[in-house]
Amino acid sequence: SGSSDPYCVVKVDNEVVARTATMWKSLNPFWGEEYTLRLPRGFRSFAVYVLDEDTIGQDDVIGKVSLSRQQILAEPRGVDSWLSLVPVDPDKEVQGEIHLELRVPEQGHPRVLRCHLIEARDLAPRDLSGTSDPFARVSCCGHTLETAVIKKTRFPHWDEVLEFELAEGELGEAMLSVEVWDWDIVGKNDFLGRVEFPLNTICTDPTKGWFQLLPFPSTTEDHGGQLGALRLAVRLVEDRVLPLPYYQPLIQLLTEPILCPGQPPTSTALAVLEEVTSGESRQDVATKLVKIFLGQGLAVPLLDYLTTRELARTTDPNTLFRSNSLASKSVEQFMKMVGLPYLHEVLKPVVNRIFEEKKYVELDPGKMELSRSRRISFKGSLSEARVRESSLELLKGYLGDIVDAIVGSVEKCPLLMRVAFKQLRRRVEERFPSAQHEEVRYFSISGFLFLRFFAPAVLTPKLFSLREQHADPRTGRTLLLLAK
């Protein structure tokens with residue numbers, strides 16, 4: 001069809017940790033998905049694979065982007081750029097570790113290298129069953145020996161000793177190579193990884209332990225973006241979590257203006273924090289503040305403090321809470337943390353119906369595809385006016401159901417949200433008391449509840465966990481028009 005159905009798989013040290021939704025029929029997919037991954041301290045690499053989903057057969061791998069721990073750490077603000085996809089070579093896609101003991105006894109002539117292959121773990125699956133049939137191949141000084149094949153496992157236990165006679169003069173630059181392969185009854189065996197050791201090191205110091213399997217030395221050429229590029233934003237943050245008493249002074253400093261409101265409003269820690277946060281960090285700061293104050297049972301007083309300060313700075317009620325200030329971001333994060341189950345209960349039935357019905361909806365004459373609208377009628381193509389009329393009826397139906405669900409959900413709305421909005425309404429009335437500003441008290445609430453809560457969830461249900469997949473283009477257009 002000239003297009004793909006792309007999705008991404010995220011791997012850390014070759015272990016799959018996340019998968020995005022599939023974007024159907026697109027060569028320019030937008031995912032907009034964000035993952036927070038808790039990583040082991042010594043992780044080595046981070047990779048994103050782009051695949052094309054196929055309904056029949058295996059999915060095709062388009063390419064990948066790989067970043068080492070060092071590359072990510074080299075950018076304190078994180079990596080945020082377009083990165084060219086590189087091809088995926090099965091011989092480079094290795095994982096797992098092998099448990100070895102290598103020893104050259106001091107006595108005896110000729111000297112003998114004893115290679116004890118104990119076991120391996122977490123090998124890459126190479127068979128359709130999701131396992132492999134692994135065996136180890138050991139090469140030294142022109143000689144090669146192999147272990148037995150262990151069928152259908154990624155955690156083989158060999159416990160075999162392979163011995164090599166070492167001739168005098170062979171210890172200089174010689175290497176011992178241990179490779180792990182997946183045995184196939186038909187076709188070539190599949191490479192699973194390798195590890196190498198200098199012989200002179202083994203002779204002087206016996207080697208034992210778990211060793212990471214590595215790919216063959218890379219010969220990958222720069223394909224100059226022929227496979228496309230992936231826009232990634234990756235940031236590595238190391239958090240050292242101390243016992244709770246260590247944080248008490250900070251919590252006391254942050255909560256002081258709320259628990260002891262007598263201080264000058266501009267000299268409090270919250271006021272300073274509001275001044276120094278930039279647009280980039282404001283959402284992170286708002287999220288952490290809301291979590292801290294929820295934990296202290298002070299989330300509503302926090303929002304009251306921040307919104308009151310913003311009200312004091314606002315002269316035109318039409319611009320109230322329209323910017324991405326700390327107050328606006330804090331209310332937004334508060335609604336997501338407290339109100340997500342409520343959002344699901346209200347919107348999920350209608351959103352699911354829109355996804356299942358896949359109706360053709362379009363109001364813009366420049367975007368109408370009249371040939372597609374045959375599905376609306378058995379009498380052939382419809383006119384532009386008929387398509388618009390049909391689309392309006394569908395949108396009104398969906399929107400009516402959404403509004404009815406929201407209006408009828410008062411008792412389901414979390415108590416904390418209701419208390420917060422009641423306090424907000426009172427503050428707005430105090431700031432703009434005149435009759436000409438009577439509606440501002442309602443706009444201030446609907447600006448949060450609709451523009452920053454319900455409408456974004458209708459627009460992209462996947463990002464609010466209302467659906468497991470993003471919408472196809474037709475359903476996405478319906479959701480966009482509904483959100484508007």
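Author: The side chains of E53 and R19 are joined by a polar contact of 2.9 Å. The model is predicted, so local features need pLDDT of at least 70 and side-chain atom pairs count only at pLDDT 80 or more, while totals for chains, interfaces and linings use all residues. Residues are numbered from 1 along each chain as its sequence is written, and side-chain values use heavy atoms, with hydrogens and water left out.

Reader: What makes the pair E53 and R19 a polar contact?

Author: The term requires a pair of N or O atoms within 3.5 Å; within protein, one must be able to donate a hydrogen and the other to accept it, and residues adjacent in sequence count only if both atoms are side-chain atoms. The value for E53 and R19 is 2.9 Å. A polar contact of 2.6 Å also links the side chains of E53 and T22.

Reader: Which residues does E53 touch, leaving aside those up to four places away in sequence?

Author: They are D5, Y7, R19, T22, W24 and D59, where contact means heavy atoms within 4.5 Å. E53 itself lies in the loop between β3 (45-52) and β4 (60-68); strands are DSSP runs of E with at least two residues, and helices are runs of H or I with at least four, numbered from the N terminus.

Reader: How do you know that β1 and β2 are paired?

Author: Two strands pair if DSSP finds at least two bridges between them. Four bridges join β1 (residues 6-12) to β2, and the two run antiparallel. V9 stands opposite R19 in β2. The open sheet has the order β2-β1-β3-β4, and β2 (15-19) and β4 are its edge strands, each pairing on one side only.

Reader: Why are β10 and β13 said to stand at the edges of their sheet?

Author: That open sheet of four strands, antiparallel in its pairing, has the order β10-β7-β6-β13. β10 (157-166) and β13 (207-212) each have a single partner strand, so one side of each is left without a neighbour in the sheet. Within the sheet, seven bridges join β6 (residues 97-103) to β7 (residues 111-121), and H99 has E119 as its bridge partner in β7.

Reader: What makes α7 short of a straight helix?

Author: The expected span is 1.5 Å times one less than the number of residues. For the 32 residues of α7 (residues 326-357) a straight helix would reach 46 Å, but the end C-alpha atoms are only 40 Å apart. α7 also bends by about 75° at G339, with a proline, P341, following within four residues; the bend is the angle between axes fitted to the seven residues ending there and the seven starting there.
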